[in-house]
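User: Please take a close look at one loop in this model, and then at one helix pair. Keep it brisk.

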Amino acid sequence: MQIPKRTITTEELFQSGNVIYTHVLSYEFNPIHKHNFIEFFYVISGKSMHLLNDKEEIIGINDAYLLSLNDQHGFTNENISESFLHRDILFESNYFKKVCENYSPFFYDKFLKGKYSTKLHLTTDQTNQIEIFCSVLDLTGYSDPETLYALCTYIINLIISNSTNEQTNYPPWITRLIATFNAPQNMNMSISDLTSFFAYDPSYMCRTFKRYIGLTMTEYFNEQKMKYAHNLLRTSKFSIQKICETVGFNNMSHFYACFKKRFGTTPSKLRKLKSLE
């Protein structure tokens, strides 16, 4: 991993229309500060003292935070270990807000108001998944909108799932299944394929999911597909046919009907409106 030897300015981070930037850093001496972008970071190795909004805490491997525009934070050299490394993932704030509006409309406002617990402890699998996303992003030029969206929504879902686990008594398998349904790379798979990895009877899973979530698996999964299609129509150059296939629809008419029912307009009309912005 390459570790930057100098601080990079915000202008440099988001030059040429980039909406995301990531790097791996060792200890950085910074006074308490705010950002004009959204920052997600997690510890890769070692430990350090992290200060966030007048609270200090020793953080270690796989500890992670999602920081809003309102947060003040920094690191001190207390309890710092020589092996301390952390990854920063920085999102241009307007891009992050747009993804939130498409993916989970109420998330952004609640996030800014501190309604979510934005500290979490990642599993090794979650850290590895984020590293995979980061490894395929071309951050020096054009970045694939699917990967950008997948990374951003993956992090949003981690925060939502973490807060959900704290506030509800969802069985762990439902939390994992929600994350599976929300992952963009799974949108063109069938529910039977995705649930085959769970050691439960399908009818039991269907009943229990509806009881806890209030929607059937199909209703919930289709909602995520429509949100993802909406985002791709706004942010990518993919054809409507390609987007239809990406979210797992084999029939264009069915895709149009589901999209219009969800958003009150058709994919083609939304694409035209986007071209006029």
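**The loop and the helix pair**

Asn53 sits in the loop between strand E3 (48-52) and strand E4 (55-59). Strands here are DSSP runs of at least two residues (E), helices are runs of at least four (H or I), and both are numbered from the N terminus. The model is predicted: local features need pLDDT of at least 70, side-chain atom pairs count only at pLDDT 80 or more, and totals for chains, interfaces and linings use all residues. Residues are numbered from 1 along each chain as its sequence is written, and side-chain values use heavy atoms, leaving out hydrogens and water.

Phi of Asn53 is near 50 degrees, a positive value in a residue other than glycine. Most residues other than glycine have a negative phi. Asn53 is partly exposed, at 34% relative accessible area. Buried means under 20%, exposed over 50%, and partly exposed in between (1.4 Å probe, protein chains only).

Asp54 lies in the loop between E3 and E4 too. Its phi is near 75 degrees, again positive in a non-glycine residue. Asp54 counts as exposed, at 84% relative accessibility.

Now the helices. H6 (residues 172-182) and H8 (residues 202-213) pack at about 90 degrees, with axes 11 Å apart. Axes are lines fitted to C-alpha atoms, for helices over the stretch in contact; angles run from 0 to 180 degrees between N-to-C directions. H6 and H8 are therefore roughly perpendicular (65 to 115 degrees).

In H6, Trp173, Ile174, Leu177, Ile178 and Phe181 meet Tyr204, Met205, Thr208, Phe209, Tyr212 and Ile213 of H8. Contact means heavy atoms within 4.5 Å.

Note on methods
Angles under 35 degrees count as roughly parallel, over 145 as roughly antiparallel, 65 to 115 as roughly perpendicular and the rest as oblique.
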